[in-house]
Structure formats: C-alpha cells, structure tokens
Amino acid sequence: MKLVVRVKLLPTPVQAAALEATLHACNQAATWAAGVAFEENARRPLELRKHAYAEIRVRWGLGAQAAQHAIKKTCDAYTTLKANLRNGRYGRPGTKRHARASGKPVVFRPQAAQPYDDRMLSWQHQARTVSIWTTAGRLKGVAFTGQAGQLEVLAAHRKGESDLLCQGGKWFLIATCEIPEAAPNTHPVGFLGVDLGIVNIAVTSDGARHCGRRINRKREQDRNLRSKLQKKNTKSARRRAKKYAGKEARRAKDINHKISKRIVAEAGGHLPARAQPRAWGSTGRGIALETLTGIRERARLRKPQRVKIHSWPFAQLGSFIAYKAKRAGVPVIYVDPAYTSQECSQCHHTARGNRPSQAVFSCRVCGFVEHADHNASHNIRQRGWMVWVCGAQSTAPELTLIT
C-alpha cells in the first residue's frame, strides 16, 4: 500500500528564494493552463498538452518535466472538482454555490504543492540532502530532516513522485512510499463495532469511548476567535488570523490519527513498533463502520448543530481507520447506519421512543438500558458480522494516501 512521508527542508536563504520562484512559476502556469482547459473543454492531459505545453515552457521557463506536471496537476484538479460536484460537496445543481464552483476555471495558490519525479529530484539519504530542479537551475545539497522512524521508512520504501510544499514559511517534501501489507485476515472471529458521532467522536462495542467534549469546546473557542478577528479586520488582526489559519484542521487530523490507531489496536491487539506492522491483528477481529456517505444531506439539525457536523471530518477518521486496518491485515466492513441508534441490541426492537435523551438508550419492550452510543456500536458490530457471513469482502481501500 502507498503512504506518504513528510520531511522538512532546511534551505539557505538563496535556496529558499529559488524554491519560492519555482513554486510561483509552476502555479502561475497551472492557473493559466486551467483557464485554457476551461475555455477549450480540454481536461485530459493529452488534450490540454496540445494547447498549453509549448506556451508554458516559453512564458514561464519551465523544464519539460515541470511543464508536464503543471498540466497533469491542472487535469487532476478538474477531475477532483467533477467528483466533488457529483458527490454533492458544493450543494445541489442549481444552487449558487454549485454554480460558482462549476462556472469558473480552477485557480492555484502561489504556494500550492508542485509534484516532482525522479528526474527532477534525487535523494541522498546518508547525507540527508536532496538535489532539486528549480527555474534558477539545479540546487544541490539542500538539507532535510524528519523523525527517525519517518526517515527509515523514506530510505527503505520511497517510490514515485514527491510534492514540494511551502506552508507557513516552511518548506516540506511529501514523498510517496510503498509499504508492504500484512496478510489479510480472511477468517475473523468477530467484529469491533464503531459508532461515530459529535458528542463522542468514536465509541466501540468493547466499551471504549473517545469523548469529544474538550475538543468541541476548543473548536468553539477557535470559531469565536476567528469571528472576532474577522470583525476587527485590522492589520494585526489579519496577521493573527493568518497565524491561526488551519490550526483547527491540523488538530482534528492529529486527533483522528490517534483515535484510528487506538481503534485498530483494540480490534487487533497491542500496538506494534513502527517497523513491525504485522504484529497487529493478534485477536483476529475485524472492524465494522457505518456508511456515512451523504450524512450532511440526510441530517436535519438546528443551525448551531450544523456547524459541528459540517466541520468535523468524519470521512477522514473513517479513511484513517481503513488504511491502518489494511496495513495490519484487519478486515473492514461498512454497514447501513439506519436506526442503529434506535434499535435495541438485545431484543432488536426499534422505536424512536427508545432514545429518551441523547446519551441514554432505554428499550420500551425488554427494558434494556445502556449508553446510547454503546448500544449503537453493538448494533453495528452485529450488522458487520452478518454482512461478512453473507459474503461481503473487506472494503478497506486498495490505495490510500495520508499526510
């Protein structure tokens, strides 16, 4: 399977200036190519190359490989936009948001990531330096650093393209690595049900509860701070807002990584060292998750609740669980989430009255009382086992990239 390793570049001021000029040139070229693709309706690499390749090389002075990557990046952006429109990410067709997204060309930020292949970038792992192409010529001896485990994975498994990225004035390379997978467990002894939510981010059928109270309180503080700075709109307020930009997303991503790691360990056994992924899966269980596709369209919530459900990355947490499980050989099954919170996990009586409050489940028929999210996780576990018995295959993704 494919993972990505992010390492930090340590360029000198002269090298940083060359990297910045290169990134700006590549993204200006990609933005211009996106306009051509929009006007000519040429959104595949071969078609767009006929219209844009020569002009990009002459106007921005890009090399052959850099020009090819700028064109491919443009086409990939349109492919992603098409998928997001089809999946309802920008609302329904006919709405202002949908029309705004589909009615104009794609635009790239000046410091958006730029792909590099092995012709444009070479690694010297012993010296911890890279040789990288720029519009000012080839830069040799650009130092990089990272965590020891990440550098080991990079040296042993790097294969394919790497992305050059500038974030907050710091330079990074995001390298693709191909990691060997554990043998898939085709005969699980059972499943661990996982109920995803807002009050409790994740609750497992074993009783583990990953509470979101502190996280939600911090997110509310971040939103209030952003609103206050936007209203103030002074130079110092804008500078402070820029400093905090993306902080909530990075925090949520870190939390999702930790929760997904614990869930896979709970399903499979003890946590291994980084170099021993095959130690996972010792208890022989799989993981059952809810199919949350379209949750934002189905949910009918009050306005304060909409902010929470639209801002928390449920899909990200599910994908992190899936790729970690696949690396460990743990099967993952997705089940229908309908009525999991209203169904009794003991007698299977389903009624809205079984939920007298958000946190309490009390069956009107058999009298079973349990925490509502724990009860739902038991239902998900049972449905996962039934789906597996009926012949479903693991739905862990074949290819997953993480940062």
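In this predicted model, the buried residues of helix 12 are A372, D373, H374, N375, A376, S377, H378, N379, I380, G384 and W388. The helix itself covers residues 372–389, 18 residues in total. From first C-alpha to last, helix 12 reaches 26 Å, close to the 26 Å expected at 1.5 Å a residue. Just after helix 12 comes G391, with a positive phi of about 110 degrees.

Next, a helix pair. Helix 8, residues 247–268, packs with helix 11, residues 314–328. Their axes are 9 Å apart, and the angle is about 40 degrees. That angle makes helix 8 oblique to helix 11. The crossing of the two helices is right-handed.

Which residues make the contact? On helix 8 they are A252, K253, N256, H257, I259, S260, K261, I263 and V264. Helix 11 contributes Q316, L317, F320, I321, Y323, K324, A325 and A328. By type, the residues of this contact between helix 8 and helix 11 divide into 10 nonpolar, four polar and three charged.

Last, a loop position. A351 sits in the loop between strand 12, residues 332–335, and strand 13, residues 360–362. Is A351 buried, exposed or partly exposed? Its relative accessible area is 22%, so A351 counts as partly exposed; the cut-off for buried is under 20%. As for distances, A351 and V365 are 14 residues apart in sequence, and their C-alpha atoms are 9.8 Å apart in space.

Conventions. Residues are numbered from 1 along each chain as its sequence is written. This is a predicted model: local features need pLDDT of at least 70, side-chain atom pairs count only at pLDDT 80 or more; totals for chains, interfaces and linings use all residues. Side-chain values use heavy atoms; hydrogens and water are left out. Helices (H or I, at least four residues) and strands (E, at least two) are DSSP runs, numbered from the N terminus. The expected span of a helix is 1.5 Å times one less than its number of residues. Buried means under 20% relative accessible area, exposed over 50%, partly exposed in between (1.4 Å probe, protein chains only). Axes are lines fitted to C-alpha atoms, for helices over the stretch in contact, and angles run from 0 to 180 degrees between N-to-C directions. Angles under 35 degrees count as roughly parallel, over 145 as roughly antiparallel, 65 to 115 as roughly perpendicular and the rest as oblique. A crossing is left-handed if the near helix is turned anticlockwise from the far one by less than a right angle, and right-handed if clockwise. Contact means heavy atoms within 4.5 Å. Ala, Val, Leu, Ile, Met, Phe, Trp, Tyr, Cys and Pro count as nonpolar, Asp, Glu, Lys and Arg as charged, and the others, Gly among them, as polar.
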